[in-house]
Amino acid sequence: GGTCGNLTQILCDDNSSSNGNVRKIILGDLTPGDTLWIRVWENGGDNNCSFSICTHVPPPPPANEATCNAIELTAGNGCNYQVFTNENATGSLDVPNPGCAVYQGGDVWFKVVVPAGGTLIFDTDDGQITDGGMAIYKGSCGNLSLIDCDADASNNGFMASITAGGLTPGDTIWVRVWEEGNDNNGTFGICVTIPPPGPANDDPCGAIALPVAASCSFQTFTNAGA
């Protein structure tokens with residue numbers, strides 16, 4: 001910022017662009033009408049040639065960056081990822097930081113009503129975001145209490161997944177999603193599923209009798225939903 005001959009550096013960058021080892025700078029809280037001066041050079045000054053540059057106004061943040069504008073999700077019997085974005089989202093000042101997955105802001109919000117059974121599986125899928133965090137809360141907008149927080153439990157790379165049981169049917173659960181470190185924001189997928197019913201031998205009185213044989217013959221069972 002400043003005037004020609006009297007400039008003050010605002011920011012300097014090396015390799016933040018997605019176009020190889022070149023620069024990208026995002027600036028906010030600028031004064032409308034001010035002139036910004038841009039300085040460009042080749043790293044090391046030993047491979048000088050042509051380059052391209054552009055400036056643009058970023059799109060508005062997603063509506064669900066605000067807690068009370070959380071997008072409602074429906075819990076299903078199978079995971080059907082819906083794609084959303086946190087591009088240009090800011091931090092939520094009305095809810096304390098979740099304490100996992102290097103939260104630095106840039107979060108967006110969802111909500112889901114707890115079905116009968118009281119257990120839900122929250123899972124995220126990578127997109128432009130490849131390393132994400134997620135936290136779930138109970139309560140009401142403006143008065144939320146953290147239930148759980150996760151960084152990398154999903155099978156989808158370094159994305160988050162939370163299985164929550166003992167929830168109260170009819171309650172609303174609030175879901176917070178962000179990119180770890182807030183430095184690679186964009187699209188991601190999310191789904192909320194109802195786990196399958198537990199197996200018959202979920203409880204001791206439903207134990208399955210195993211035969212004792214002269215040799216080992218493996219039988220296959222599952223603990224999914226137990």
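**Reading the cysteines and one buried aspartate**

Guide: Let us start with the link of C100 and C149, which is left-handed, with -80° about the S-S bond. The pair joins distant parts of the chain, 49 residues apart, since C100 sits in the loop between strand 4 and strand 5 and C149 in strand 8; strands here are DSSP runs (E, at least two residues) and helices likewise (H or I, at least four), numbered from the N terminus. This is a predicted model, in which local features need pLDDT of at least 70 and side-chain atom pairs count only at pLDDT 80 or more, while totals for chains, interfaces and linings use all residues. Residues are numbered from 1 along each chain as its sequence is written, and side-chain values use heavy atoms, with hydrogens and water left out.

Visitor: How many disulfides does the structure hold, and which pattern do they follow?

Guide: A disulfide is a covalent bond between the sulfur atoms of two cysteines, and the criterion here is a pair of cysteine sulfur atoms within 2.5 Å. The structure holds three, and with bonded cysteines counted along the chain the pattern is 1-4, 2-6, 3-5.

Visitor: Which parts does the disulfide of C79 and C191 link?

Guide: The sulfur atoms of C79 and C191 are 2.0 Å apart, and the torsion about their S-S bond is about -105°, so this disulfide is left-handed. C79 lies in the loop between strand 3 and strand 4, and C191 in strand 11 (residues 187-193), so that distant parts of the chain, 112 residues apart, are linked.

Visitor: Where does D107 lie, and which side chain does it join through a polar contact?

Guide: A polar contact is a pair of N or O atoms within 3.5 Å; within protein, one must be able to donate a hydrogen and the other to accept it, and residues adjacent in sequence count only if both atoms are side-chain atoms. D107 lies in the loop between strand 4 (82-85) and strand 5 (108-113), and a polar contact of 3.0 Å joins its side chain to that of Y103. At 0% relative accessibility, D107 counts as buried.

Definitions and conventions:
Buried < 20%, exposed > 50% of the residue type's maximum accessible area, 1.4 Å probe, protein only.
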